[in-house]
Each structure stands twice: as structure tokens, then as C-alpha cells.
Amino acid sequence: DSIANQIAAGEVVQRPASVVKELLENSIDAGARNITLIVREGGKSLIQVIDDGIGMSETDARLCFERHATSKIRTADDLFNIRTMGFRGEALASIAAVAEVELKTRRTIDEVGTEVNISASELVSQQPIACQAGTQISIKNLFFNVPARRKFLKSDSVELKHIISEFQRVSLAYPEVAFTLNHNGNDLYKLPPSGLKQRIVGLFGKNINQHLIDISTQTSIVKLGGYIGKPECAKKSAGEQFFFVNGRFMKNPFLHKAIMNAYDRLLPSGAYPSYFIYFDIDPQSIDVNIHPTKTEIKFEDERMIWQILHAAVRESLGKFSVTPSI
Ligand code: ADP
Ligand code: MG
């Protein structure tokens with residue numbers, strides 16, 4: 001019912017960027033190779049995602065807006081083996097409770113697609129349509145029916161910053177997927193499918209290229225790879241620090257300290273090194289189920305991971321010889 005959906009929406013949908021995160025993750029889960037994100041007015045009037053993923057059947061196009069409708073978890077065991085970004089089946093229901101949604105979707109095996117329109121959890125219309133294979137979903141006028149929340153949104157430019165940061169996280173997690181971000185008619189990013197280094201350059205500019213040092217290590221419990229920034233390129237402001245676990249962005253202050261500690265005196269005071277660190281780990285030994293927005297991930301043995309990461313950073317910094325200034 002719509003009250004329950006609105007309450008759930010409060011947890012999942014804080015601002016336009018939360019919608020962006022959920023939609024991009026759904027496109028990734030759908031196996032998309034090309035994802036276009038179009039936003040207007042910081043996402044307040046429009047957030048649209050177009051993908052070339054598997055699409056949905058006529059039935060699923062309606063059911064996906066029901067709470068706990070997920071095609072991704074079938075048994076309790078699956079919960080301990082999560083390989084998809086989504087698994088709660090509440091994002092679309094939550095978003096549809098607080099916006100106007102237009103969905104157009106088609107599977108390649110279907111001749112016609114389906115269009116569904118929902119407004120504040122109410123089905124407005126559903127009809128067959130001709131559309132490209134994949135899914136296009138538009139979220140219009142977020143919080144139009146919850147004026148108190150609409151009022152708390154920040155300026156378009158602040159909301160856009162949050163959107164860009166979600167876009168960066170997902171596009172860094174999947175460099176092999178093409179991503180475009182368009183705001184108010186201007187392409188802000190057009191990222192071709194690539195390797196990780198090229199993706200980082202596509203997002204942060206050519207200059208970052210010569211500042212990156214490889215990092216990689218493998219133990220019986222975890223595989224770690226990615227790049228860290230040269231110490232002298234550390235910045236006074238945080239912003240290019242990224243951890244990913246099994247393709248999912250993660251915030252982790254504890255592991256951040258492992259990195260800071262490993263750079264130690266190599267860093268100018270008050271500076272943060274850039275890092276793009278990717279962990280590959282048995283899904284059974286992590287817990288992503290602790291928060292609906294899922295940016296916190298619990299490792300079974302966090303201290304061990306701390307040490308592995310710390311050692312790997314030390315090793316990479318050691319290989320890269322610092323010329324002492326006399
Ligand atoms: P979850 O991702 O946790 O399963 P969502 O509410 O985000 O829940 O999505 C509900 C369901 O809708 C998904 O499980 C999936 O079956 C379907 N779905 C959503 N977005 C897409 C998409 N872009 N392409 C194909 N199917 C989708
Ligand atoms: Mg989802």
C-alpha cells in the first residue's frame with residue numbers, strides 16, 4: 001500500500017542521487033553494455049536512464065513496482081551469495097511512491113514492448129508500445145507529492161554534484177560498460193567501454209594518468225587490484241577515494257585509515273591520496289545487507305583485510321621510488 005511505500009521511500013530515496021544510484025544499478029544487473037543517464041535541474045524535474053539490458057516482460061513491467069518484487073533473490077541462501085547490485089526489491093516501489101514514473105521496456109524475444117505509467121504508487125496506464133530492446137525509465141518531479149521533502153532538496157548544482165558522485169562510483173565499478181551523463185541537454189561525460197585506467201582518465205581528466213601507481217595482491221581470502229595516487233599528487237580535499245567490493249562501491253573509514261597509515265610521512269600534511277581499490281572476495285565472507293542504500297559492507301575478517309591492504313599500499317609505494325629533494 002502507498003503508506004508503506006512512502007515510508008520505505010524515506011529510507012531508500014533521500015535525494016535525486018539516490019534514485020540515480022538505484023536505476024544505474026538496475027541497468028547493470030540487467031546486463032546493459034550501454035547506459036545513458038539524462039537529468040534535468042539537478043534531477044528534480046527529470047531523471048531518465050536508458051539501457052540496452054535484458055528488458056522486462058509485460059507482467060514484470062508492472063510487477064517491478066510492487067514492494068519486494070525482485071527477480072534476483074529466490075532462496076534464503078541467495079542472500080549469502082549476492083552477486084547482483086540489487087536484491088531487496090524495494091527501490092522501484094519506493095521511487096514510484098514519491099514521483100511520476102514512465103517505464104518503457106522490451107525484451108529482445110518480444111515483438112512489442114510495454115509502457116507503464118505510475119504516479120505516487122498509482123497505476124495510471126499500461127499499454128503495448130514499439131520501443132528498442134532494453135529499458136528506459138523516467139522519474140519526473142521527484143517528491144511532487146511530499147512537499148516537505150521537496151523543500152529540503154538543495155540547489156540544482158548541489159544535487160547534480162551528488163548525482164555525479166553516484167555516476168562516478170557505478171561507472172568506475174564497470175569500466176567495460178559505456179556510460180553517458182547528460183544534464184540540461186549537455187553531455188558531462190561520454191565514457192566508452194574501456195579498461196580501468198582509461199575510465200579513471202575519462203572521469204578525472206588526462207592529468208591523473210601519470211599520477212597513478214598500480215596496486216595488486218592476492219591471498220587465499222581476497223584479490224585486490226586498482227591504482228593509488230603518487231604521494232606528491234595528494235590533494236587537500238577528499239574526493240578521489242574509492243573502494244569497491246565485488247563491483248559495489250563501499251565507504252569504509254577503517255580501511256581508509258590503512259591507506260593513510262601506509263602513506264604516512266610521504267603525504268604533505270592535511271592531504272589525501274587518490275585511490276581506486278577493488279576487492280574481489282567470496283560473497284559468503286561479506287555482509288552487504290546492513291543498510292538499504294548498501295554503501296557499507298561488513299567483512300568477516302576486517303583486520304586481516306586491513307593488513308593485506310596496508311601491505312599492498314606499502315609495496316606499491318616502495319616500487320615507485322621517491323626522489324629525495326635536497
Ligand atoms: P532489486 O534491484 O532489489 O531487485 P528494484 O526495485 O530495483 O529491486 O527492481 C525490481 C525488479 O525490476 C528487478 O528485480 C528487476 O527484475 C526489474 N528491473 C528493474 N530495473 C530493470 C532494468 N533496467 N532492466 C531489466 N529489469 C529491471
Ligand atoms: Mg534495484
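Reader: What does aspartate 51 touch, not counting residues up to four places away in sequence?

Author: Its partners are Ser27, Ala30, Ala32, Asn34, Ile35, Gly134 and Thr135. Touching here means being in contact: the two C-beta atoms, placed from the backbone, lie within 7 Å. Please keep in mind that this is a predicted model, where local features need pLDDT of at least 70, side-chain atom pairs count only at pLDDT 80 or more, and totals for chains, interfaces and linings use all residues. Residues are numbered from 1 along each chain as its sequence is written, while chains are lettered from A and ligands numbered from 1 in the order in which they are written.

Reader: Where does aspartate 51 sit?

Author: Aspartate 51 is in strand β2. Strands (E, at least two residues) and helices (H or I, at least four) are DSSP runs, numbered from the N terminus.

Reader: How many bridges join β2 to β6?

Author: There are 6 bridges between β2 (residues 46-51) and β6 (residues 134-140), which run antiparallel. Two strands pair if DSSP finds at least two bridges between them, so β2 and β6, with 6, count as paired. Within β6, threonine 135 is the bridge partner of aspartate 51.

Reader: What is the order of the strands in the open sheet?

Author: Its 8 strands follow the order β5-β4-β3-β6-β2-β1-β7-β8, with mixed pairing. What makes β5 (122-129) and β8 (186-191) edge strands is that each pairs on one side only.

Reader: Why are α8 and α9 called roughly parallel?

Author: Helix α8 (residues 253-263) and helix α9 (residues 302-319) pack at an angle of about 30 degrees, with their axes 9 Å apart. Axes are lines fitted to C-alpha atoms, for helices over the stretch in contact, and angles run from 0 to 180 degrees between N-to-C directions. Angles under 35 degrees count as roughly parallel, over 145 as roughly antiparallel, 65 to 115 as roughly perpendicular and the rest as oblique. So α8 and α9 are roughly parallel to each other.

Reader: Which residues of α8 and α9 meet?

Author: Phe254, Leu255 and Ala258 are among those in α8, and Ile305, Trp306 and Leu309 are among those in α9.
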